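Dear colleague,

I am handing over the structure below, and I would be glad if you kept it open while you read the notes that follow it.

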Amino acid sequence: MLMNMLSYNENKPLIAMVVPTGIGASLGGYAGDASLTAKMFAKNYNVIVNPNIVNAACFSGISDNMLYVEGWTLSQFFKGNLNLIPSENNKIGIIFDKGISQGILNVHINTMNAVKTIYGVNIIGSEITEEPACVEFYNSETGISTGRVVNNKTLIKAGKKLIEQGADVIAVVCKFEEPPEDNYKDGEGVDIVGGIEAVISHYLTRELKVPVVHSPAFEDIAITKDIVDAKASAEYITPTFLPCLLIALNNAPLFSYKKVEHYICVDKVKALIMPYNSLGSSIVADALDRRIKVIAVKENKSILKITKDIIKNNDIIETETYEKCSKILKEII
């Protein structure tokens, strides 16, 4: 059964809905909890979404008319440095960190085969890194989730092998130590592993020049018997977070530094939708410079405090809810 979602409809306007990773966003800061909002917009528009919005462990919120674009590509796209290429049935390669134990690796291989069998995604192969990647994660002094990869070169080597085999896009799974106890399962606070996941994706995408998205592998795969908050629940019922990557990467747009007629350039974007107090990113500045409408939604707040008033730009439209944002889009597009 071949999964064949339409990722781009030329008859629909293009918007972007972005929720930055690792900032404790009240909507989109957990596990696919912004998916329904993105689907609401996708009824009328093509919607660029970052993985943080739709990734939900063994589930994926990706749907028709959504363009799944990781953060580095997104920032370069808004700068006008590259263009998106609508694509379907991508050839997917998977990088596995050598630090993952054999038993946990087997769980991920079974997951890979299950997704391939059920959804028909074209997984062309996998590569185990020559050395452990050694991922570290923590919250910064400002509370934002971040971290580092001690041995990032080994990930690059494995990625290059997959590209030589014909991979269009890459999923990467690195070993993570168990995170400390926090309030994430209660739908509060910051996803402590999310920031470094974004860093890994950004770094590999930039270096390999193909879309790359990351999911963690934990040695403790016991499933909790406790009730957790619905926003985080997808991550507490599965031993692996790999399925959402493979499902979304299947039809994720590729990118090119060339400008070709049927490629998607930033000039086609009509609006950028952001959480209310998360307006300090480069994509917001670049969108404003290009006179793209920027809408800040007050029902979605983060630990950041960068609002319209802080950046002193009266062109930003503020609205209370995503539902009201939808009505505004109908007026301005």
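Phe59, Ile223 and Ile237 together make a nonpolar surface patch of about 290 Å², where a patch is built from residues with over 30% relative accessible area and no salt bridge, like charges being joined within 9 Å and nonpolar side chains (Val, Leu, Ile, Met, Phe, Trp, Tyr) within 5 Å. Accessible areas come from the Shrake-Rupley method with a 1.4 Å probe, and for residues only the protein chains shown count as cover. Please keep in mind that this is a predicted model, in which local features need pLDDT of at least 70 and side-chain atom pairs count only at pLDDT 80 or more, while totals for chains, interfaces and linings use all residues. Residues are numbered from 1 along each chain as its sequence is written, and side-chain values use heavy atoms, with hydrogens and water left out.

Phe59 itself is found in strand β4 (residues 59-60); helices (H or I, at least four residues) and strands (E, at least two) are DSSP runs, numbered from the N terminus. With a relative accessibility of 45%, Phe59 counts as partly exposed, a class that lies between buried (under 20% relative accessible area) and exposed (over 50%), computed with a 1.4 Å probe on protein chains only. In the loop between β3 (55-56) and β4 lies Ala57, which is buried at 3% relative accessibility and has a positive phi of about 60° although it is not a glycine.

Helix α1 spans residues 35-42, and its buried residues are Ser35, Thr37, Ala38, Phe41 and Ala42. Seen down the axis of α1, these buried residues fall within an arc of 160°, so they line one face of the helix; the arc is that of the directions from the helix axis to the C-beta atoms. The cover over the buried residues of α1 includes the strands β1 (14-17), β2 (46-49), β5 (66-68) and β14 (269-275), together with the helices α2 (51-54) and α10 (322-332).

His108, found in helix α4 (residues 102-119), has a relative accessible area of 0% and is buried. Leaving aside its neighbours within four places in sequence, His108 is in contact (heavy atoms within 4.5 Å) with Phe96, Val173, Pro216, Ala217, Pro239, Thr240 and Leu242. Val69, placed in the loop between β5 and α3 (71-79), is also buried, with a relative accessible area of 4%. Not counting residues up to four places away in sequence, Val69 touches Ile48, Val49, Asn50, Pro51, Leu74, Leu84 and Pro253, and its C-alpha is 16 Å from that of Lys91, which is 22 residues apart from Val69 in sequence.

As for links between side chains, a search of the whole structure finds ten salt bridges, each being a side-chain nitrogen of Lys or Arg within 4 Å of a carboxyl oxygen of Asp or Glu. One of them joins Lys157 and Glu130 at 3.9 Å, N to O. This pair links distant parts of the chain, since Lys157 is in helix α5 (residues 152-164) and Glu130 is in the loop between β8 (122-128) and β9 (135-139), 27 residues apart. Both partners are partly exposed, Lys157 at 46% relative accessibility and Glu130 at 43%, and Glu130, Lys157 and Lys161 are linked in a network of salt bridges.

Another salt bridge is formed by Lys298 and Glu318 at 3.8 Å, N to O. Lys298 lies in the loop between β15 (293-297) and α9 (308-311) and Glu318 in strand β16 (residues 317-319), so the pair ties together parts that are 20 residues apart in sequence. Lys298 is partly exposed at 24% relative accessibility, as is Glu318 at 28%.

Finally, the search of the whole structure finds zero disulfides, a disulfide being a pair of cysteine sulfur atoms within 2.5 Å. Cys134 is in no disulfide, and the nearest cysteine sulfur, that of Cys174, is 9.7 Å away. Cys134 is found in the loop between β8 and β9, is partly exposed with a relative accessible area of 41%, and has a positive phi near 60° without being a glycine.

With kind regards
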